[in-house]
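Open the model in your viewer and keep the selection panel at hand. The stops below say what to select next and what is there.

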Amino acid sequence: MQENNKTLGEFIIENQKDFPYSSGELSRIFNSIKLAAKVVSHKVNKAGLVDIIGGVGEKNVQGEDQQKLDVYANEIFIQTLINREIVCGIASEENDDFITVEGSDKSHNNKYVLLMDPLDGSSNIDVNVSVGTIFSVYRRITPIGTPVTLEDFLQPGINQVAAGYVIYGTSTMLVYTTGCGVNGFTLNPAIGSFYLSHPKMTIPADGSIYSVNEGNYVHFPQGVKDYIKYCQLEEEDRPYTSRYIGSLASDIHRNIIKGGIYLYPTSSKAVKGKLRLLYECNPMAFIVEQAGGKASDGFDRVMEIVPTSLHERSAFFCGSTNMVNKIEDCMLKAK
Ligand code: AHM
Ligand code: MG
């Protein structure tokens with residue numbers, strides 16, 4: 001079969017041997033994510049019709065209350081996973097605490113926990129700019145058969161068995177890794193199937209795009225200011241191009257394809273950074289590393305940070321390896 005004619009479902013079955021422990025459980029998790037992503041994609045595509053079909057807090061034509069899209073996406077992903085009894089726990093950027101998932105027989109026999117940001121960049125929805133879902137899967141640490149605990153979620157990123165993102169953009173795309181490279185799939189909305197459109201994605205070692213919210217420049221640490229000035233210098237292949245959507249999955253996706261770096265530093269306004277280590281930084285770091293790139297907090301590998309709380313934040317520099325090496329140099333020199 002031609003690569004570009006392969007559906008995500010077929011690809012998952014074909015590559016099940018690459019899945020850690022390959023018991024079929026991870027394949028079922030992917031099938032649920034795929035399903036939830038299609039439901040959310042459909043809803044996101046109708047977001048611009050809000051004035052016609054009713055806004056948040058109003059009733060829609062079926063007499064149901066309209067919800068904010070991020071709340072809706074959160075519920076869809078959680079319900080899809082719970083109904084299929086395939087994970088033992090879920091943590092979401094939208095929920096203060098993790099959710100324990102027990103089987104209909106009250107068992108706790110599933111192996112995996114899933115962490116997610118169900119609708120990242122949701123401030124972009126009102127202006128018709130791409131948003132995304134980001135997810136991460138770990139094998140539980142506590143014994144199978146017992147309820148999950150916080151410990152199962154507070155694992156360093158190097159323990160991830162799978163991670164991915166969905167972009168609800170000009171097309172809806174799902175990109176994921178299980179630690180054997182990165183593959184991207186595009187939804188054909190007419191048929192409702194994701195097709196393999198970006199096999200074996202790799203990020204160039206060098207790039208010429210830097211993505212940062214430069215409006216916060218005055219609040220950035222000196223090393224980041226130095227790096228931004230370096231990007232803007234007229235020297236060798238510089239100045240680089242500045243591109244910032246403000247939607248993590250889309251900014252990283254573009255930089256994987258074209259070569260570039262995404263920066264969300266600490267600042268005097270956000271002393272720990274803005275992005276969440278578990279829901280945003282680690283899954284993106286896993287994908288970018290699997291594509292041949294690098295992810296750092298400015299000094300150390302993001303995926304080696306041992307988390308101490310569910311909603312912990314981190315500085316995040318991620319993308320083409322040589323560009324991330326350069327910002328680490330700048331950070332070290334300015335320390
Ligand atoms: P959110 O989880 O509240 O949507 O915030 C995460 C988003 C990322 O997608 C994006 O890269 C970043 O926040 C943009 O932040 P800022 O507006 O501060 O540049
Ligand atoms: Mg987010």
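**Stop 1: aspartate 117**

Select aspartate 117, which sits in strand 3. Strands here (E, at least two residues) and helices (H or I, at least four) are DSSP runs numbered from the N terminus. This is a predicted model, in which local features need pLDDT of at least 70, side-chain atom pairs count only at pLDDT 80 or more, and totals for chains, interfaces and linings use all residues. Residues are numbered from 1 along each chain as its sequence is written, while chains are lettered from A and ligands numbered from 1 in the order in which they are written.

Is aspartate 117 buried or exposed? It has 28 C-beta neighbours inside 10 Å, so it counts as buried. The cut-offs: buried takes 20 or more other C-beta atoms within 10 Å of the residue's own, exposed 12 or fewer, partly exposed lies in between, and C-beta atoms are placed from the backbone.

Now show the contacts of aspartate 117. Leaving aside neighbours within four places in sequence, they are Glu93, Thr133, Ile134, Arg276, Tyr279 and Glu280. A contact means that two C-beta atoms, placed from the backbone, lie within 7 Å.

**Stop 2: the annotated positions**

Move to glutamate 280, in helix 8. It is buried, with 28 other C-beta atoms within 10 Å. Not counting residues up to four places away in sequence, glutamate 280 touches Asp117, Asp120, Ile134, Leu248 and Leu275.

Leucine 119 is in strand 3. With 28 C-beta neighbours inside 10 Å, leucine 119 counts as buried. Its contacts, residues up to four places away in sequence not counted, are Leu69, Asp70, Ala73, Val131 and Thr133.

**Stop 3: ligand 1**

Which residues are around ligand 1? Select Glu93, Asp117, Asp120, Gly121, Ser122, Asn213, Gly246, Ser247, Leu248, Asp251 and Lys274. Each has its C-beta atom, placed from the backbone, within 6 Å of the ligand. Strand 3 and helix 7 (248–258) each supply at least two residues of this shell. Colour the shell by class: one nonpolar, five polar and five charged residues. Here Ala, Val, Leu, Ile, Met, Phe, Trp, Tyr, Cys and Pro count as nonpolar, Asp, Glu, Lys and Arg as charged, and the others, Gly among them, as polar.

**Stop 4**

Switch to cartoon. Eight strands form an open sheet with mixed pairing, in the order 2-1-3-4-5-6-7-8. Strands pair if DSSP finds at least two bridges between them. At the edges are strand 2 (99–100) and strand 8 (193–198), each with a single partner strand, so one side of each is left without a neighbour in the sheet.

Find helix 8 (residues 277–290) again. It packs on the sheet and touches strand 1, strand 3 (112–120), strand 4 (131–139), strand 5 (160–168), strand 6 (172–177) and strand 7 (182–188). Its direction makes about 80 degrees with that of strand 4. Axes are lines fitted to C-alpha atoms, for helices over the stretch in contact, and angles run from 0 to 180 degrees between N-to-C directions.

Select strand 4. Eight of its nine residues are buried, so strand 4 is largely enclosed by the rest of the structure. It pairs antiparallel with strand 3 over seven bridges, where leucine 115 has serine 136 as its partner. Eight bridges join strand 4 to strand 5, also antiparallel. There, isoleucine 134 is bridged to tyrosine 165.

Isoleucine 90 has isoleucine 99 as its bridge partner.

**Stop 5**

Last, select the open sheet with the order 10-9-11-13-12 and mixed pairing. Strand 10 (241–242) and strand 12 (294–296) are its edges, each with a single partner strand, so one side of each has no neighbour in the sheet. Strand 9 (residues 209–211) and strand 11 (residues 261–264) run parallel, with two bridges. Serine 211 is bridged to tyrosine 262 in strand 11. Finish on helix 9 (residues 321–334), which lies across strand 11, strand 12 and strand 13 (316–319), at about 150 degrees to strand 13.
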